[in-house]
2 protein chains.
Amino acid sequence: MSLVTASLSTIQQDLQARIDQKLDLFIDQQTQVADDLISAMKYSVLGGGKRIRPMLLSIIGNMLGADRDDLDVASMSIECIHAYSLIHDDLPAMDNDALRRGKPTSHIQFGEATAILAGDALQTLAFEIILNHPLSEQNSVKRIDMAKVIAKASGVNGMCAGQSIDLIATGNEISLTQLTQLHQLKTGALLSACVSLGAILATDICVEHIQLLHEYAGSIGLAFQVRDDILDVVSDSETLGKPQGSDTALNKNTFVSHLGLQGSQSYLQKLHNEALQSLASLPYNTQELKTFTNFLVSRKY
Amino acid sequence: MSLVTASLSTIQQDLQARIDQKLDLFIDQQTQVADDLISAMKYSVLGGGKRIRPMLLSIIGNMLGADRDDLDVASMSIECIHAYSLIHDDLPAMDNDALRRGKPTSHIQFGEATAILAGDALQTLAFEIILNHPLSEQNSVKRIDMAKVIAKASGVNGMCAGQSIDLIATGNEISLTQLTQLHQLKTGALLSACVSLGAILATDICVEHIQLLHEYAGSIGLAFQVRDDILDVVSDSETLGKPQGSDTALNKNTFVSHLGLQGSQSYLQKLHNEALQSLASLPYNTQELKTFTNFLVSRKY
């Protein structure tokens, strides 16, 4: 393991522990009347998960001089949205997945009704966190902007629209352009939200640099998905923590089904270069973002 | 039809038309990439529905001198939360209802996956409306308080907790205290939110009067549910727009199963009196609220 990778791995472990602890505490501060629901919420949002979005948000925010605790609040909210989307995507009516992060999915563990409800309540929790969690004084006024970013990225303008296109596309061939749009909405919107949240919490950043960071997020968002599609073919279930080959089993449109394995690897390389190019024009120390980008495109799970 | 009932009926019809129109417009202003999802969202949130919550919010807000358009924004948001909860409650894994407001439920009409997603996206839309919809100038700073009220009433502190207790209670006997708590969370929280939203948008109101309005909302929230349980026994499917007797069929705990039909009617009368008593101590013209209360406890569907 190289020094830079070791440093990224430390960031990841620190974040995982810190976000878990803060989320656990925040959930415990909520009502205690619905124990089953709270158990199901914690099961999906705590423990496990690569915390890709908090890593991106934390590295960008750190680069822009944002307060660490404020960034954590944004990360907690984003992770609630992400966890809710995974619970609902895994449901029998959607992808019908039984395994996620090496554990039974929520509906297998708690039953379908509680899983639906846990997803619902995690979405609400994302907004409760961003609206109520203490923020450093100068950032309290930025709450509403942060909440707007999260709502826009999650709803019918973002993640839900992507999932809707995914539903229509499953079992039906769609064009590469449509596949790209699907993932720009389903995965990309939440990654771009990390850029917006980091920029809101930054001490100072100009519009042009925000734009470059969004271009960067666009490239790594697609790269993330292309890598996912490649891993679904070349990896194994144990490493992935979810069933390998599930895209093929569901007859899903993927970058591999469109471009082939080699074509997908070339496309991944192209996106990787584009991401690094966006970073190159920024007047910040982008070393950690570069390392993060390398990690994303070469990740094993 | 008496004069006061006619006036309430006019308020209801005006509200239904106005809220429908504004919601339709707001949804159309969102992305147009997910037509199926948008159709499913509109199907459940537009057309039909008694608009009980907007009526309560509108009457309280009007009594307190709030801006009508601002109240409409709050109503639109509340109705998105309400519609999402109905879609998810009707799912096969939950109550498995095929009929709602005289129409096929969302999952019957659009399939289960799209129904789940439409519920998800409507929850997000509730926050998008409250965070983004134009408000009269002096109320822009109140957005965050309004968003907090909606989040608290919907999530693990409110509606979702109530639904979770409902899941556990279905098929298992619970105490009258637990049944009361269930409905205070599942239905009451969103009705109380209407009081909070009205108070936020009011030109001026003291803490004691807000408290009286919350006590009023608590009474009518339970009264609403007791009436619902009575109607499930004494009405018919055509009038209700949903299957009569479904509580019994699902072996649900209801006020009728606990108190009997006559006992429930007495309890309803007691709650009605309590509601009117809370209003009597308020220094406002509460005539419309009284009429609304009478309508709620004697409604036929």
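Contact here means heavy atoms within 4.5 Å. Keep that in mind for the views below, which come from a predicted model.

**Figure 1. Two copies meet, chain A and chain B.** All of the interface residues of chain B, 100% of them, are interface residues in chain A too, so the copies meet through the same surface. Turn chain B by 180 degrees, with a shift of 0.0 Å along the axis, and it can be laid on chain A with an RMSD of 0.0 Å. The two copies are thus related as by a two-fold rotation axis.

**Figure 2. Chain A as a whole.** Count along chain A and you get 15 helices and 2 strands. Its radius of gyration is 18 Å, close to the 19 Å that the globule rule gives for 301 residues, so chain A is as compact as a globular protein of that length. The C-alpha trace spans about 50 × 50 × 40 Å along its principal axes. Of the 301 residues in chain A, 60% are buried.

Figure 3. Zoom in on V234(A) and you will find it in helix α11, which covers residues 207–234 of chain A. V234(A) has 46% relative accessibility, so it counts as partly exposed.

**Figure 4. Two arginines with a positive phi.** Most residues other than glycine have a negative phi, so the pair in this view is worth a look. R51(A) has a phi near 55 degrees, a positive value in a residue other than glycine. It is found in the loop between α2 (35–45) and α3 (52–63) of chain A. Is R51(A) buried or exposed? R51(A) is buried, because its relative accessible area is 2% and the cut-off for buried is under 20%. The other arginine is R101(A), with a positive phi of about 50 degrees although it is not a glycine. R101(A) is found in the loop between β1 (99–100) and β2 (103–104) of chain A. Its relative accessible area is 27%, so R101(A) is partly exposed.

**Figure 5. S106(A) and the residues it touches.** Look for S106(A) in helix α5, residues 106–110 of chain A. At 5% relative accessibility, this serine counts as buried. What is S106(A) in contact with, once we leave aside its neighbours within four places in sequence? The list is Y43(A), S44(A), I87(A), G111(A) and A115(A).

**Figure 6. S278(A) in helix α14.** Here is another serine, S278(A), found in helix α14 (residues 255–280) of chain A. S278(A) is buried, with a relative accessible area of 8%. Not counting residues up to four places away in sequence, S278(A) touches L212(A), E215(A) and Y216(A). How do sequence and space compare for S278(A) and D20(A)? They are 258 residues apart in sequence and 32 Å apart in space, going from C-alpha to C-alpha.

Figure 7. Over all chains the count comes to 30 salt bridges. One of them joins D28(A) to K42(A), with the closest N and O atoms 2.7 Å apart. This pair links distant parts of the chain, as D28(A) is in helix α1 (residues 3–28) and K42(A) is in helix α2, 14 residues apart. D28(A) is partly exposed, with a relative accessible area of 37%. Next up is D166(A) with K252(A), where the closest N and O atoms are 3.0 Å apart. D166(A) lies in helix α9 (residues 159–169) and K252(A) in the loop between α13 (246–249) and α14, so the pair ties together parts that are 86 residues apart in sequence. Both D166(A) and K252(A) are buried.

**Figure 8. A network of salt bridges.** Which residues are linked in this network? R18(A), K22(A), R68(A), D69(A) and D72(A) are. Within this view, R68(A) forms a salt bridge with D69(A), and their closest N and O atoms are 3.9 Å apart. R68(A) is partly exposed, with a relative accessible area of 48%. D69(A) counts as partly exposed too, at 39% relative accessibility.

Definitions and conventions
Residues are numbered from 1 along each chain as its sequence is written. Chains are lettered from A and ligands numbered from 1 in the order in which they are written. This is a predicted model: local features need pLDDT of at least 70, side-chain atom pairs count only at pLDDT 80 or more; totals for chains, interfaces and linings use all residues. Side-chain values use heavy atoms; hydrogens and water are left out. Helices (H or I, at least four residues) and strands (E, at least two) are DSSP runs, numbered from the N terminus. Buried means under 20% relative accessible area, exposed over 50%, partly exposed in between (1.4 Å probe, protein chains only). Copies are superposed by least squares on the C-alpha atoms of residues with pLDDT of at least 70 in both. The radius of gyration is taken over C-alpha atoms; the globule rule is 2.2 Å times the number of residues to the power 0.38. A salt bridge is a side-chain nitrogen of Lys or Arg within 4 Å of a carboxyl oxygen of Asp or Glu.
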